[in-house]
Amino acid sequence: MTEQEMRDLFREMRDEPVPADSLARVRARLANRAPRRHWWILVPAAAVALSIVSVVMFRPAPPPIPGPVIVAKTAPPPVKIAPVQIPPRPKRARPKPVAAVPVSMIRIETPDPEVVILLVN
Amino acid sequence: MLEAALMGEIPRETAGSFDQVVRQREAQVLRTAFRILGNWADAEDVAQEVFLRLHRHGIGFANNGAAGAWLYRVTVNLCVDRARAKRPSQEILEVPSRERSAEASVLLEEKKRLLMAALAMLPVKERAAVVLREIEGLSTAEVAEALGSSEVTVRSQISKALVRLRGILNREEV
């Protein structure tokens, strides 16, 4: 058998019908094991969910739980801090003015009129 | 397309459309499983498992292409697992013998039977590649996606498979 013959035979097999009894068996097994999801199955589940929600939403409010006692905390009075006393800076003693001493000066004139010798004290 | 279906980009399925998918695809799944496994009993088991998985996971499909691709992939995977679990001799036993096929009135049917018998002797991955490409008529890319391999691998598998089939059939004819 050539490759082309094989390909032709394969192509013919493509459209071969599946045995009806095989299909029927598969359908029957699926019907048993894969039950349909009917909408009415959801009704009881929805009712239960609704009742739970309503119980949660409309239940009486619980008695108020006493809250924690709040102790008023007052801040302690501020500590009075005595103002810092800055001692006055001692005044620097001013130097006493020197008593005026009488200045004695001797003027010696030289022969050169441009030159004069002064002798102080 | 297959990737989109597998990545969960497809909307969820409803019970009504599950039945629809089963009706539309049961023949495809059964036929593919039968071609790979070589007997209807195993093919039925596989088909059942494929559709139960579909139901359990609630997989929806954007279009027919996505449904077909997903179903091919799951079918092939289940067939490969089942074929590997069985001994090769068991598969061959279920293929009609030459004596029985000789009784057939049509030569074409005889040849088909021989070809199917030869196909059953191939390694399961090669067999699946041939079934999807040559019988189901998928493209090489689609076969590669269904088998989870590359296009190059698929081409190689089909080429090898055809050579082996020819060898088996020629031996039979001697």
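Two residues are taken to be in contact if their C-beta atoms, placed from the backbone, lie within 7 Å. The contacts reported here come from a predicted model. By this criterion, and not counting residues up to four places away in sequence, Ile36(B) touches Val76(B), Cys79(B), Ala83(B), Val124(B), Arg127(B), Ala128(B) and Val131(B).

The two chains are described in turn. Chain A contains 3 helices and 2 strands, and its elements follow the order α-α-α-β-β from the N terminus on. Of its 121 residues, 4% count as buried. Chain B contains 10 helices and 0 strands, so that its pattern along the sequence is α-α-α-α-α-α-α-α-α-α. Of the 174 residues of chain B, 42% count as buried. Among contacts in chain B between residues at least 6 apart in sequence, 69% join residues at least 24 apart.

Ile36(B) is placed in helix α2 (residues 15-37) of chain B. Ile36(B) counts as buried because it has 30 C-beta neighbours inside 10 Å, where 20 or more are required. In sequence, Ile36(B) and Lys125(B) are 89 residues apart, while their C-alpha atoms are 9.1 Å apart in space.

One of the residues touched by Ile36(B) is Ala128(B), which lies in helix α8 (residues 124-135) of chain B. Ala128(B) has 27 C-beta neighbours inside 10 Å and therefore counts as buried. Leaving aside neighbours within four places in sequence, Ala128(B) is in contact with Ile36(B), Val76(B), Cys79(B), Val80(B) and Leu147(B).

Ala161(B) is buried because 24 other C-beta atoms lie within 10 Å. Its contacts, leaving aside neighbours within four places in sequence, are with Leu122(B), Glu126(B), Ala129(B) and Val130(B). Ala161(B) is 36 residues from Lys125(B) in sequence, and the two are 9.7 Å apart in space, C-alpha to C-alpha.

The packing of helices within chain B is shown by one pair. The axes of helix α4 (residues 64-85) and helix α9 (residues 140-147) of chain B come within 8 Å and cross at roughly 50°. The helices α4(B) and α9(B) are therefore oblique to each other, and their crossing is right-handed. On the side of α4(B), the contact is made by Ala69(B), Tyr72(B), Arg73(B) and Val76(B). On the side of α9(B), it is made by Glu142(B), Glu145(B), Ala146(B) and Leu147(B). By class, this contact of α4(B) with α9(B) has 5 nonpolar, no polar and 3 charged residues.

Helix α7 (residues 107-120) of chain B has 14 residues. From its first C-alpha to its last, α7(B) reaches 20 Å, close to the 20 Å expected at 1.5 Å a residue. Within α7(B), the residues Leu114(B), Leu115(B), Ala117(B), Ala118(B), Leu119(B) and Ala120(B) are buried.

The contact between the chains takes 20 residues from chain A and 24 residues from chain B. On the side of chain A that touches chain B, the elements giving two or more residues are α1 (3-14) and α2 (20-33) of chain A. That side of chain A has 11 nonpolar, 1 polar and 8 charged residues by class.

Part of the contact between the chains pairs α1(A) with α7(B). The axes of α1(A) and α7(B) come within 10 Å and cross at roughly 100°, which means that α1(A) is roughly perpendicular to α7(B). In this pair, Met6(A), Leu9(A) and Met13(A) of α1(A) meet Lys111(B), Lys112(B) and Leu115(B) of α7(B). By class, the contact of α1(A) with α7(B) has 4 nonpolar, no polar and 2 charged residues. Leu115(B), which takes part in this contact, is also one of the buried residues of α7(B).

Note on methods
Residues numbered from 1 in each chain as written. Chains lettered and ligands numbered in written order. Predicted model: local features only at pLDDT ≥ 70, side-chain atom pairs only at ≥ 80, totals over all residues. Helix = DSSP H or I, 4+ residues; strand = E, 2+ residues; numbered from the N terminus. Buried ≥ 20, exposed ≤ 12 C-beta atoms within 10 Å, placed from the backbone. Nonpolar A, V, L, I, M, F, W, Y, C, P; charged D, E, K, R; others polar. Expected span 1.5 Å × (residues − 1). Axes fitted to C-alpha atoms, helices over the stretch in contact; angles between N-to-C directions. Parallel < 35°, antiparallel > 145°, perpendicular 65-115°, else oblique. Left-handed = near helix turned anticlockwise from the far one by under 90°.
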